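Here are some notes to keep beside you while you look around. Take them in order and turn the model as you read.

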Amino acid sequence: MGINTLNRSLWVFHVNTGSCNGCDIEIVAALTPRYDVERFGIKLVGTPRHADVLLVTGAVTRQMKDKLLRVYEQTPDPKVVMVIGNCGATGGVFYESYNLVGPVDRLIPVDVFVPGCPPRPEAIIEGVVKAWKKLEELEAAGKRKKKRAKEAKE
Amino acid sequence: MTMDFSVLLFVPVFSITAILLGLFFRGIDRKLGAKMQARIGPPIIQPFIDLKKLLMKENIVPENAIKWVFNSMPLIALSASILVLLYVPFLGFPPLLSGYGDLILVLYLLMIPALALAVGGFSSGSTYASVGAQRELVLMMSYEFAFSIVIVTIAWLVTKTAPVINAFSLVSISVVPVWGLVGVMGFIGLLLLLLALMLVMPAELGRLPADIAEAKTEIADGVFVEYSGRNLALLYLALDVRTIAFSSLVVALFFPFAFTEFVPLQGIVAVIANALFFLVKVFIVMFFGSIFVHVAVARFRVDQAARAYWGPVLLIALIGMALVMWGTVLG
Ligand code: SF4
């Protein structure tokens, strides 16, 4: 399936849970005219309420735990969580630090991991496309579930 | 005055056309904006895709929001925006509800979406939204005066020089193009008024450099911060339709010429040509009032915006008014 046939509207919200800012800069780079993600309908939004995708960077520190959970709750369904960078995936260079409660998937369900320290913008964009496919699967699954429930009723 | 019921039949058709056109123009806006920044940009149907997605998403109402206000404001904003279009000459047709309201009503109706945004922001219980709502109100108080001066001057000019019964009626204004009513002095005045109106446009539409009420990078989308799903979709629709409505108003005031005045056409061809010509005019107004501006400039601070609209813009409008009056009374 080509990109053109996919549902091309993903709004991303960026959560920094204590990253070194390297990943964040790469995210910003992915949004610049050079990579121009707007042509795929990807847009950075200012509030989790508008978001379809959460971009989480950093290995969650104790201080950021509540905030991360809260942002996750604030995002309307259907949503996808993407972890950008090694930190969020495993702890990365901060592995086994005393102040970590992460990595991210210990706290919230994660759909896509983009490894790298930091990952290149191309990798991030590819990750978003993966997230995209996942969203569509979720949507289709939701429809299937509804259909099954309807059939069960009849 | 009895209501003509055929009008009621046209209203849904009209509203749907307005919404489709609003989305379409937003698509063009984004595409052109991207092109001007040397990007490829989203496809023109992107706003439709976004809309479809937003309608599919969950609609969250925050716990500490005032529920009924929070939920009703997007609807009010959208219906007020559509209502404006019913009072403005649109697609080459005379206003659908002409005879039921005039320019003054349009002035007030144009204010409602902004007010609804502010009230919705206050009711959402978020600090960001409250800041955004306050900014929206400050901005409104700044540009509204210059805007009214433009409208009132044109109405005055029409009463003074053209023998029409109701000067504030948009039909009479669009029948007698204002440019023909004035001498050289008045012509310059009208140009200044047009300039003032174009400068008011970004503020009225909440676009850069005056999108301080949403200001994504400072106050996290401001008044929109708590809206999601269906409510957000309605709000975006309201903004898109308002863009069309305001541009149509500018066209009606300053460029009411029909295509058939230049090229004699008959029947259905004439209607289609007029409609297309109207869309081109709306596009040109939008291009210079909003698209071109918002890629070229950065955002005002609140105080800068207030100062700009109370200072230079108001001055331009006042000088324009003085010139038009001078030209008409003395000339
Ligand atoms: S993965 Fe590397 S670049 Fe990214 S936040 Fe961690 S340490 Fe920084």
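1. Let's begin inside chain A. The buried residues of helix 4 of chain A pack against strand 1 (10-16), helix 1 (22-30), strand 2 (42-44), strand 4 (80-84) and strand 5 (112-114) of chain A. Here a contact means heavy atoms within 4.5 Å, and buried means under 20% relative accessible area, exposed over 50%, partly exposed in between (1.4 Å probe, protein chains only). Helices (H or I, at least four residues) and strands (E, at least two) are DSSP runs, numbered from the N terminus.

2. A word on the ground rules. This is a predicted model, in which local features need pLDDT of at least 70 and side-chain atom pairs count only at pLDDT 80 or more, while totals for chains, interfaces and linings use all residues. Residues are numbered from 1 along each chain as its sequence is written, chains are lettered from A and ligands numbered from 1 in the order in which they are written, and side-chain values use heavy atoms, with hydrogens and water left out.

3. Which residues of helix 4 of chain A are buried? They are P121(A), I124(A), I125(A), G127(A), V128(A), V129(A), A131(A), W132(A) and L135(A).

4. Now step back to chain A as a whole. It has four helices and five strands, in the order β-α-β-β-α-β-α-β-α along the sequence. The C-alpha trace spans about 55 × 35 × 25 Å along the principal axes, and 48% of the 154 residues are buried. Of the contacts in chain A with a separation of 6 or more, 83% are between residues 24 or more positions apart.

5. Chain B is built from helices: eleven of them, with zero strands. Its radius of gyration of 20 Å is close to the 20 Å that the globule rule gives for 331 residues, so chain B is as compact as a globular protein of that length. The C-alpha atoms fill a box of roughly 60 × 50 × 45 Å along the principal axes. In chain B, 54% of the 331 residues count as buried, and 78% of the contacts between residues at least 6 apart in sequence join residues at least 24 apart.

6. One residue of chain B makes a handy landmark. Is K160(B) buried or exposed? K160(B), in helix 5 (residues 127-161) of chain B, is exposed, with a relative accessible area of 54%. Its C-alpha atom is separated by 9.4 Å from that of L181(B), 21 residues apart along the chain.

Methods: Rg over C-alpha atoms; globule rule 2.2 N^0.38 Å.
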